Amino acid sequence: MEDSKVQQYWKPGQGGFRATIFVYVLIAFENMGFVANMSSLVLYFLFVMHFGVSGSSNTLTNFLGSTFMLALIGGFISDTYLSRLHTCLIFGVVEVLALVIITIQAHYPSLHPDPLCPSNCLKGSHAFMFYTSLALYALGAGGMRGALPALGGEQFDPKDPKEKKALTSYFNWLLFSLTLGASFGVTVIVKLGMDHGWDVAFFICMLACVVGFIVLAIGKPFYRVKPPGDSPILRIIQVIVAAFRNRKLKLPEETEELYEINDKESSEDYEKLAITKQFRLLSKAAILSKDSAPGPWEVCTVTQVEEVKILIRMLPIIGSTIIMNTCLAQLQTFSVQQGQAMNRFLGTFEVPAPSVPVILLLFMAILIPVYEFVFIPVARKFTHHPAGITQLQRVGVGLVLSAVSMSIAALVEVKRRNQDIKYHSTNSISLFWLSFQFAIFGIADMFTLVGLMEFFYKEAPSGMKSLSTSFTFLSLSIGYFLSSVLVSIINSVTAKYIKLRMGWLEAQNLNENHLDLFYWFLAILSCINFANYLYWASWYKYKAENSDSELSDKMALVGSSFHKEESNE
């Protein structure tokens with residue numbers, strides 16, 4: 001990296017929490033609209049677009065899955081071509097444009113399908129406008145998410161002990177800002193939408209987005225803006241090619257014989273990594289023949305090889321968190337539909353069904369400061385870990401709680417359906433019975449989402465911070481897509497082989513479905529997934545920096561207790 005760029009990156013007075021305030025404002029304002037839409041769009045699809053119960057749920061989960069998948073695009077672009085700030089602002093323009101189109105279509109009834117049509121009636125130019133707006137919304141919101149967490153993360157110097165410690169707090173307050181904005185969205189914006197029309201709600205979401213991105217742009221003088229580097233994909237391919245070329249060579253007994261650039265050749269932010277014993281075939285990419293000169297396709301540095309190994313080691317962790325995000329999808333689809341069929345009155349005030357997730361958000365908003373100011377300091381005294389517990393331990397707690405949440409959801413659905421059938425929908429149980437499953441999942445999400453984001457950011461190679469952090473959203477994306485797939489499979493299998501009149505989740509009337517059995521299925525799947533996660537979390541080796549043998553924490557959960565296992569990397 002050029003000296004001038006390095007000096008620009010570390011300019012005095014930039015970075016720290018002063019800079020991340022602008023990130024927090026954007027994440028709060030953008031999620032006012034995004035999370036409000038996550039919880040209410042299923043009803044918009046159901047009652048305005050006439051997609052049917054399963055169709056509405058699948059359309060929403062497919063949209064959210066696409067949004068989080070496209071975070072990888074934003075992460076890749078901000079690592080390779082544009083700064084993270086510019087990436088966020090460009091995708092922000094796309095997101096605002098999408099919300100303008102969605103607002104216009106919601107405002108004019110002539111752009112809706114025939115209200116007398118029972119289901120799946122969106123066709124022609126109306127369908128083109130609808131799906132174009134959703135595609136742009138997914139691209140804008142997803143691309144921004146791929147760059148924003150890393151933009152805030154790079155405001156803290158990992159080589160400074162105080163700033164390195166503050167990084168954990170940054171991710172906690174990032175989630176806290178999200179919950180505050182989202183809480184406003186699923187209450188005030190959703191209520192305005194229910195009372196005054198969908199177009200009003202979408203218009204407010206658009207305005208909130210505009211304000212958020214303007215504030216982010218205003219904060220430019222305070223940011224440490226790191227210039228993009230080499231393509232992470234190209235670096236990965238170079239390691240694979242070099243390892244294949246050297247596949248017949250024998251690894252030297254002394255690791256010092258493997259190729260690595262010296263300190264004089266490296267830039268100030270070059271993060272050297274020590275060689276590890278895992279994936280020894282890839283280590284051969286760092287063998288430099290005596291008669292050859294270093295070249296990007298001939299030999300790779302030990303650090304470059306280890307960067308690829310890190311990404312490979314992350315893959316099972318990503319895979320082990322997908323089921324939890326599939327469970328999360330149910331709280332934004334079927335649970336909202338449950339709420340629509342329940343007694344939503346709090347005294348004389350009628351609570352909109354899409355506002356139910358505020359229970360989850362309020363629990364998170366209360367518990368994040370408790371976690372930051374109470375749990376971390378107390379845990380730190382016992383574990384001597386800067387964050388109290390390791391990121392993988394934090395994720396493990398969330399996975400256990402997600403299984404508990406699905407079990408409670410199944411029990412609540414049985415009670416709701418039985419009472420509804422008994423009293424012919426005239427004496428439905430209170431909406432607040434759903435608070436149990438939402439509250440527990442809120443705690444689970446607090447542990448897992450921040451744990452994953454911090455884990456991927458800290459473990460990522462210096463040139464892949466955005467792309468790696470986007471893996472959190474990749475897990476969310478696959479989880480939402482898997483939800484759609486599971487709903488379709490469950491409907492197909494139960495209708496065909498269990499000799500039911502229709503699948504568990506196919507009926508338009510929620511009382512004719514077997515949503516409780518689907519929740520039990522997810523709870524069992526979550527337990528199996530947790531056992532799988534324990535294996536991979538124990539197998540994972542944290543990266544060692546600067547060729548030092550560092551002690552790292554490994555995940556080991558037995559029952560409900562934690563213990564820290566030290567491993568020499």
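Aspartate 195 is partly exposed, with a relative accessible area of 46%, where partly exposed denotes the range between buried, under 20%, and exposed, over 50% (1.4 Å probe, protein chains only). The model is predicted, so local features need pLDDT of at least 70 and side-chain atom pairs count only at pLDDT 80 or more, whereas totals for chains, interfaces and linings use all residues. Residues are numbered from 1 along each chain as its sequence is written, and side-chain values use heavy atoms, leaving out hydrogens and water.

The side chain of aspartate 195 meets that of lysine 191 in a salt bridge at 3.5 Å, N to O, the term requiring a side-chain nitrogen of Lys or Arg within 4 Å of a carboxyl oxygen of Asp or Glu. About one helical turn separates the two, because they stand four residues apart in helix H7 (residues 161-196), helices being DSSP runs of H or I with at least four residues, numbered from the N terminus. Lysine 191 is also partly exposed, at 23%.

Helix H15 (residues 391-422) holds both glutamate 413 and arginine 416, three residues apart, and their side chains form a salt bridge at 2.9 Å, N to O. Arginine 416 also meets aspartate 420 in a salt bridge, at 3.6 Å. With 2% relative accessibility, arginine 416 counts as buried, and aspartate 420, at 3%, counts as buried too. The whole structure contains 13 salt bridges.

Turning to helix H14 (residues 358-383), one finds valine 374 there, which counts as partly exposed at 47% relative accessibility.
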